[in-house]
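Have the sequence and the 3D view ready as you read.

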Amino acid sequence: MKLLVTGAAGFIGSHLSTRLLADGHSVVGIDNLNDYYEVQLKIDRIDRLQKNPRFQFIKLDIADKKGMADLFAGEHFDRVFHLAAQAGVRYSLTNPHVYIESNLVGFLHILEGCRHSAVPHLVYASSSSVYGANTKMPFSVSDSVDHPVSLYAATKKANELMAHSYSHLYKMSTTGLRFFTVYGPWGRPDMALFLFAKAILAGQPIDVFNYGEMERDFTYIDDIIEGVVRVGEAVPKAADCKTSAPYRVFNIGNHRPVPLMTLIDLLEKEIGKKSERRLLPMQAGDVQKTFADVDDLIKVTGFSPIVPVEEGVKRFVKWYKDYYHA
């Protein structure tokens with residue numbers, strides 16, 4: 001198949017592109033290569049992909065209305081995997097406008113492109129952050145998600161609503177994926193595991209928020225990609241869905257919350273150095289615990305994440321040391 005991956009220079013997008021190419025597909029990857037985090041890491045991810053002749057990279061911002069319309073008009077995609085977004089909960093507190101441009105305006109251009117070119121299935125990234133301050137555990141896709149605690153979370157909830165309206169109006173098959181704390185090789189430098197590894201190796205203190213009283217459903221990148229690929233093959237039909245539209249939403253999480261202090265212990269063990277832990281209060285927009293219910297994912301795809309956090313952290317540290325010559 002010919003597939004579009006948006007955010008192809010990103011963490012999840014680059015891994016997904018690698019997998020889709022390995023499965024024999026042709027991939028068009030787009031990314032705007034913004035400087036939210038180190039651009040060289042994004043360039044290196046793309047360089048690896050461009051070794052495959054079935055991969056084509058186009059530097060393009062999804063907020064570019066004409067550019068996106070031209071892309072869809074000039075190509076016929078069998079699937080669209082939409083992973084491009086302005087990421088990060090904390091960044092949304094100080095740079096709100098970029099979230100509207102990328103996550104709302106950009107997503108509208110994706111929906112319009114899929115509609116006008118009759119793409120058979122749109123799979124897009126949502127986030128576990130839509131659950132906000134929900135306290136019922138584990139988080140289920142049937143739970144109310146009407147109280148986001150960050151603008152980033154609000155834009156992801158909006159994406160799900162926008163997708164449903166297009167699925168209803170135009171019979172477009174759409175699937176949203178609520179990712180839970182993705183980590184692994186080629187990860188994002190703004191995420192906790194990456195920040196901790198960098199600081200520990202440099203002999204600097206690490207910032208531990210909510211005084212370490214945090215739990216996250218850390219999900220290894222290979223599990224995320226396996227879930228995305230299987231969901232891409234499971235095209236929703238209105239008759240099988242919970243609404244009258246060909247629309248689904250799934251959690252993809254390890255369904256095994258890990259205390260933050262346990263993660264730090266594992267990281268120290270793999271690096272071979274102890275950290276100096278600077279205990280700080282909870283940050284605005286953050287939540288204390290995440291925990292994914294993946295029953296719906298298992299029911300439809302037969303898959304649930306399997307990589308234990310001990311193995312995932314080991315693989316991440318090996319990559320980090322190799323990449324940064326640490």
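In this predicted model, the charged end of Arg-115 sits over the ring of Tyr-170, with 4.3 Å to the ring centre. Another ring with a neighbour over its face is that of Tyr-37: here Lys-42 lies 4.6 Å from the ring centre.

**An edge-to-face pair**
- Tyr-99 and Tyr-152 form one of these pairs, with 6.2 Å from centre to centre and 75° between the planes, an edge-to-face arrangement.
- Tyr-99 belongs to helix α5 (residues 96-116) and Tyr-152 to helix α6 (residues 151-170), so this pair ties together parts that are 53 residues apart in sequence.
- Both Tyr-99 and Tyr-152 are buried.

**A tilted pair**
- The ring centres of Phe-139 and Phe-180 are 6.4 Å apart and the planes meet at 40°, so this pair counts as tilted: the angle is neither under 30 degrees (stacked) nor over 60 (edge-to-face).
- Phe-139 is found in the loop between β5 (122-127) and α6, while Phe-180 is in the loop between β6 (174-179) and β7 (182-183); the pair links distant parts of the chain, 41 residues apart.
- Phe-139 has a relative accessible area of 1%, so it is buried, as that is under 20%.
- Phe-180 is buried too, with a relative accessible area of 0%.

**A cluster of rings**
- Ring pairs can also join up: Trp-186, Phe-194, Phe-316, Trp-319, Tyr-320, Tyr-323 and Tyr-324 are linked into a cluster this way.

Definitions and conventions: Residues numbered from 1 in each chain as written. Predicted model: local features only at pLDDT ≥ 70, side-chain atom pairs only at ≥ 80, totals over all residues. Heavy atoms only, no water. Phe/Tyr/Trp six-rings, centres within 6.5 Å; stacked < 30°, edge-to-face > 60°. Helix = DSSP H or I, 4+ residues; strand = E, 2+ residues; numbered from the N terminus. Buried < 20%, exposed > 50% of the residue type's maximum accessible area, 1.4 Å probe, protein only. Lys NZ or Arg CZ within 6 Å of the ring centre and 35° of its normal.
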